[in-house]
Structure formats: C-alpha cells, structure tokens
Amino acid sequence: MPQDRSKRRGLPPRVLACLYAGLVALPMLVALLSEPGHWQGAMRLATACGIAAAVMVLAQMVTSGRFEAISGRIGIDVTMAFHKWAAPLALLLALMHVLAFIGLPDPDRPGRLARRIDFVLSGPGLWDARIALGLLALLVALALLRDRLPMRYQLWRAGHALGALGLVAALLWHVLSDGPRGMGTALLWVGLALAVCLPAVSVYARRLVRRGAAPWTIAENRHVAERLWLLRLAPPQGAALAFEPGQFAWLAFGAKRLPLHDHPFSIASAPGEDGLRFLIQEAGDFTDGIGALPAGTAVSMDAPHGSFVPRGAGPLILVAGGVGIAPILSILSHLARSGSQRQVRFVYAARSAEAMVPPELYQPACAALGVTPMLVSDRAEDVSELGLLRGPMSAALLEKAMEGLEPSACEVMICGPGVMMTLVADSALEMGVPLSRIDYERFSYGAGPSSVKDRLRLTGFAALLGSVLGLVLLYWLA
Ligand SMILES: Cc1cc2nc3c(=O)[nH]c(=O)nc-3n(C[C@H](O)[C@H](O)[C@H](O)COP(=O)(O)OP(=O)(O)OC[C@H]3O[C@@H](n4cnc5c(N)ncnc54)[C@H](O)[C@@H]3O)c2cc1C
C-alpha cells in the first residue's frame, strides 16, 4: 500500500539508535587514542563506565520530548519512555565507575582499599564528582517516586529541569578536571555539553524573547461534557499555525506563560480551520481550573509536536476513548475538509453518554465522509435508553468496526486510556493489521499494561542500552 512519507519529520529510530551508540563510542575512542594502554584493568573499567554514564546523562537533556529531530517520528511517548529507561542505567554506570575506581582489596597493599574509599568520600578535588553523583541519584529517585510524592507536578518538573542543568555543570567540571587529559578531549566534552544544553535552554529563551509579542488568546471556553472543556484559541493578528492532523501543542495560560507551566494538549481542529480547538479534561492541579479561564486570556504555545498523524491510503479505523477523542476529531475533520476518499470507520467509547462530546463536533465530518459513528458507553442505561453499544471497548467491538475490511490493508489509530489502547492495538494485531499501521500516542507516560508494540519497543531500548554496555566491555578489554 502506498505510504505518504513525504511529510515525516524527525529521524528514524535506527538512525537515532546509531547516533546514540556513536555518541557513547566517540569519547571512548578519543580517550583510547590520547592515553593508550595507560591504565590498569580496573581503571579502564572505571573510565569506560564514567564516559558511558556521562554521555547518557548529557543525552537525557534532549530526550525530553521537545525536539522534533528526536521525537518527531518516534513520538513523544516513546521518547519519554526511553528517557525513563536510560536514566537508571546511567546511574548504575556512574556507581560502577566509582566502584571500579575503588577497586578490589589487594592483599599485597594493605590499607589501599580504605584509602581509596576515604578519597572517594572526602578526598580533595572530588566535590564536583560527589555533587554530580548525588544529583543524578536524587533526580532518578524523585522521577521514579513522582506519582507518590506529595508535590505538584509543576514543582517536580521545575526541580527536575534545574537539577539536570546543575548535574551537567558538575559533570562537565568533573570530566574536565579529573578525566582523560588533552585539548581534544576537553573540546569534545565542552562541545557535547553545549550541543545538548543549548537546545534545551533555547526552548526557554525563545519563550522569554517572544513574551513581548502578541500571544494567542482564548476566544471561547465552553463546558461540553462531564469534566470536559472546549477551548477555542484565536491567533495573534496575521498569524496561523501549520500542523498535521493529530498533532499536539504545549500550552501555558495567563500570567504563567513560561515553559515550566506548559501542558501538552492535542489539537482537536483540522489544519486550515479558523483558530485552534482543544478539548481539555479536568485531571489534576492545573486542568481542574481550566473552566475558570475567561475569554481573552493570553496563551503561549509551543507547537506543533507529535507523530500521531494518519500516513496510509487504505481503510482507516479511528478508535477514541474519553478525551482521546481530541486528536481523532482533528483527523476526522481534516479528512472531510480535504475530500479524502479513504474508507473510514470511527469508534468513540466513553464512561457514559454524559462524558461524550456533543455530536456537533464529529457529526458534520462523519456525514461528509459517509461514516456512521459507533458510540460505545460503559453505562447500561445508555445502551437501553439511547441505543449506544455496550462498553467497555473490546476485541469484538473492534471486529464489528472492521467488518468487511481486509485487516492487512487497514491503518488503526487509537487514542484513549492506556488500558484501552493496549487492548485495541493487540486485538488489531491479532486480526491481521500490520504492526507498522497500528498507531497510538499515550497521554500519560506512566506505566500501564504494555501492548505487543510497547514490548517490541522495549526490546529495541534493551538492545540499544545493551550496546552501550557492550562498548564499556570493549573499552575495558581493549
Ligand atoms: C501528547 C499528549 C497529548 C495530550 N492531549 C490531551 C488533550 O487533548 N486533552 C486533555 O485533556 N489531556 C491531554 N493530555 C494529558 C494532559 O496533558 C494532562 O492531563 C495534563 O497535563 C494534566 O495536568 P494537571 O496539572 O491538571 O494534572 P496533574 O495532577 O498535575 O498531573 C496529572 C498527570 O498528568 C501528567 N502531566 C501533568 N502535567 C504534565 C506536563 N506538563 N507534561 C506531561 N504530562 C503532564 C502527569 O503524568 C501527571 O502525573 C495529553 C498528554 C500528552 C502527553
């Protein structure tokens, strides 16, 4: 089936993986060339672990989901999942770096082990290393425990960003003062640190510079379903946003318009429509107050982001659950406006009829495309009184949605609660839809049941992180 790859942004996953491994290998190679055969085995291991940990920490700065070159194709959820998996491994390598430096007890040199431990803990000149290791351990621990911390997400995120910058500074100091010597080595590390920090800092700097410019504003804020608000944003005079259907924006409202206050929301309108629409569900500290934002409120926007965009030409199955209807509305509306000839099926599941957006938001596009929406409710009365299908979403409902279609020609796009996305993705795969044409972007980075596609991605992460350990081993034995 023809696939439209022309608009795809971001680097392909294999290129990203090669770049990552190459980044780890480069300083190892430079260290090997600049001080060949200098160290004993344990010190070689310490150096290799230290280099790998340092590069991995630096790379974390650009796997935060803001950079299209990295997440534009693989998606923000995959990027963030990698960010989460790489951090503990970087910490493990940093600890191995310290342990290998201390070394094993040597019967020929009594007292050496105690002297080394004492040097690591309180020796002069290693304060930078202690700060770096302490910060890395703290950042990893706070990230792993985030959902259980009595702390607002925003505060945690601000602390995470500032802690990361402090970590890079301490790490760079340690590498330059205690690592392999030489001008080439120093230039390489400074270059690497700048290459990852400048883009991260520029996200903030750009917004500070743009603060004076006319912002987007809320033109309408309307309650459309249970705990669900429809926001229509008007652009500043003469401006418009070019995006693809299904993409999302980082938004910050009112006086709090710095990136630290950004939240990601899918664009619910189609490219080319007047202004932008968003559907926002009350889900926590910030979104609980979304309904109180008056028309005229200024909005900062970092967009477009995301790769949840239809790419195929065959039958398209759109499955939305709850607020996951937002990007699906954008896609439906885009297909209708562009006069698409694709066969489209549309399933919309919610807890109850009250939690569903009004038909006026999807019915015109469905009518234009000749689509009969399959509306699914978890509540029994909605089935008997309103004639909706009985939820929750199931493999049988997906089969019903795909009736008469050849699964191997279909593209399935899913957006909704994690459990639903896993169920629909795995069911579609079992029915014969190719894995590459099953697409979803998770709203929450938190753990949930993983799908076959998630597990394949995890295997990819494991292979890449395993290759980093392989490089450490190679350096040690070289
Ligand atoms: C790509 C993407 C698209 C999304 N689209 C929509 C949408 O169209 N409509 C909608 O209602 N929701 C959407 N969300 C979810 C939405 O971003 C969160 O519900 C919202 O940020 C919660 O913020 P809060 O302060 O109210 O809740 P909190 O209680 O602060 O957070 C609840 C949880 O939401 C997540 N979260 C909070 N802030 C952020 C943040 N800045 N970045 C990432 N995750 C965060 C965290 O997992 C957190 O534990 C989307 C999320 C992603 C990743």
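This section describes helix packing, ligand surroundings and backbone geometry in a predicted model.

Residues are numbered from 1 along each chain as its sequence is written, and side-chain values use heavy atoms, with hydrogens and water left out. In this predicted model, local features require pLDDT of at least 70 and side-chain atom pairs count only at pLDDT 80 or more, whereas totals for chains, interfaces and linings use all residues.

Helices (H or I, at least four residues) and strands (E, at least two) are DSSP runs, numbered from the N terminus. Helix α1 (residues 13-34) packs with helix α8 (residues 183-210) at an angle of about 165 degrees, and their axes are 10 Å apart; axes are lines fitted to C-alpha atoms, for helices over the stretch in contact, and angles run from 0 to 180 degrees between N-to-C directions. The angle makes α1 roughly antiparallel to α8, where angles under 35 degrees count as roughly parallel, over 145 as roughly antiparallel, 65 to 115 as roughly perpendicular and the rest as oblique. On α1 the contact (heavy atoms within 4.5 Å) is made by L23, L26, P27, V30 and S34, and on α8 by T185, L188, W189 and L192. By class, the residues of the contact of α1 with α8 comprise 7 nonpolar, 2 polar and no charged; Ala, Val, Leu, Ile, Met, Phe, Trp, Tyr, Cys and Pro count as nonpolar, Asp, Glu, Lys and Arg as charged, and the others, Gly among them, as polar.

Helix α4 (residues 76-102) takes part in two further packing pairs. With helix α5 (residues 112-122), the axes come within 9 Å and cross at roughly 140 degrees, and α4 and α5 are therefore oblique to each other. In this pair V98, F101 and I102 of α4 meet R112, L113, R116, I117, F119 and V120 of α5. The contact of α4 with α5 has 7 nonpolar, no polar and 2 charged residues.

With helix α6 (residues 127-144), α4 packs at an angle of about 150 degrees, the axes being 10 Å apart. α4 and α6 are therefore roughly antiparallel to each other, and their crossing is left-handed. A87, P88, A90, L91, A94, L95 and V98 of α4 form the contact with L133, L136, A137 and V140 of α6. The residues of the contact of α4 with α6 divide into 11 nonpolar, no polar and no charged.

A nitrogen atom of the ligand lies 2.8 Å from a backbone N or O atom of D262. A polar backbone atom of Q281 is 2.8 Å from an oxygen atom of the ligand, and a backbone N or O atom of G284 lies 3.3 Å from an oxygen atom of the ligand.

Backbone geometry was examined next. The peptide bond from A303 to P304 is cis, with omega near 0 degrees, and P304 is found in strand β6 (residues 298-305). The peptide bond from G391 to P392 is also cis, with omega near 0 degrees; P392 is placed in the loop between β10 (389-390) and α12 (395-401). R227, in the loop between β1 (216-225) and β2 (228-234), has phi near 55 degrees, a positive value in a residue other than glycine.

Conventions:
A polar contact is a pair of N or O atoms within 3.5 Å; within protein, one must be able to donate a hydrogen and the other to accept it, and residues adjacent in sequence count only if both atoms are side-chain atoms. A crossing is left-handed if the near helix is turned anticlockwise from the far one by less than a right angle, and right-handed if clockwise.
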